[in-house]
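Student: Hi, could you walk me through this one? I'm new to it.
Tutor: Happy to, have a look first.

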Amino acid sequence: MAFVLENTVLAVLLLILTSSVKVSIGEVYKVGDSAGWTTIGNVDYKQWSAPKKFQIGDVIVFEYNPQFHNVMQVTHAEYRSCNASSPISTHTTGNDSITIDTRGHHYFICAVPGHCQAGQKVDINVLRTPSVAPSPSASSVPVPVPTVLAPSPNYAAPFSASNKPFEKFGWLWLVLQILFVVY
Ligand SMILES: [Cu+2]
């Protein structure tokens, strides 16, 4: 009985631990939002990209009419001078999804004459020092403790008398409490 209970407790612990490790799935960004990739309407792509916190794995979508536009990834110098003579990569489908897999700047321009000069250029900057996002699941971890200990008033009493040690020792405290209950 105790053995089964122990396994169950370990399984629950493992589940909690693994669920707190967040698998990051890339965001999808459509360049220019509803306007898309265009020269119409003077979309400010600098303003579009500036507030965004691009991460590795994000997908950048260029949506446009392929009869009038295209997408070329270029170097910083080529981005600045709107030079599309030797692009890093070329995209022409009108619905191009580009997955960002490196940090730093990714420069894209439209190579149709005059378009880049008119502002059809965008800089996707993946910060080299990504901000560590606070994990919301971490704060929810202590929640299961009272339910585990609740059926036994003998153990619940000293626990409720001092919540401080749990905060201090975190997981170690939780594991000790559970082991104490099991044996
Ligand atoms: Cu264009």
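Student: What share of the contacts with a separation of 6 or more is between residues 24 or more positions apart?
Tutor: Those residues account for 72% of such contacts in the protein. A contact here is two residues whose C-beta atoms, placed from the backbone, lie within 7 Å. Keep in mind that this is a predicted model, where local features need pLDDT of at least 70, side-chain atom pairs count only at pLDDT 80 or more, and totals for chains, interfaces and linings use all residues. Residues are numbered from 1 along each chain as its sequence is written.

Student: Okay! How many helices and strands are there?
Tutor: The protein has eight helices and seven strands. These are DSSP runs numbered from the N terminus: H or I of at least four residues for helices, E of at least two for strands.

Student: Which strands go together in the four-strand sheet?
Tutor: That open sheet has the order 4-3-6-7, with antiparallel pairing. Two strands pair if DSSP finds at least two bridges between them. Strand 4 (89–91) and strand 7 are the edges, each pairing on one side only.

Student: What joins strand 3 to strand 6?
Tutor: Three bridges do, and the two strands run antiparallel. In one example, Val-74 has Tyr-107 of strand 6 as its bridge partner.

Student: And the three-strand sheet, what's its order?
Tutor: It's 1-2-5, an open sheet with mixed pairing. Strand 1 (28–30) and strand 5 (95–99) each have a single partner strand, so one side of each is left without a neighbour in the sheet. Strand 2 and strand 5 run antiparallel, joined by five bridges. There, Val-61 stands opposite Ser-97 in strand 5.

Student: Switching topic: how much of the protein is buried?
Tutor: Buried residues make up 17% of the 183 residues. Buried means 20 or more other C-beta atoms lie within 10 Å of a residue's own, with C-beta atoms placed from the backbone; exposed means 12 or fewer, and partly exposed is in between.

Student: Which residues of the largest nonpolar core touch the most other members?
Tutor: Of its 19 residues, they are Val-31, Trp-37, Phe-62, Val-71, Phe-108 and Ile-109. Strand 2 (59–63), strand 3 (71–74), strand 6 (104–109) and strand 7 (121–126) are the elements giving two or more residues to this core. A nonpolar core is a set of buried Ala, Val, Leu, Ile, Met, Phe, Trp, Tyr and Cys residues joined through C-beta atoms within 7 Å.

Student: What does Val-31 touch?
Tutor: Leaving out residues up to four places away in sequence, Val-31 touches Trp-37, Tyr-45, Trp-48, Ile-60, Val-61, Phe-62 and Val-122.
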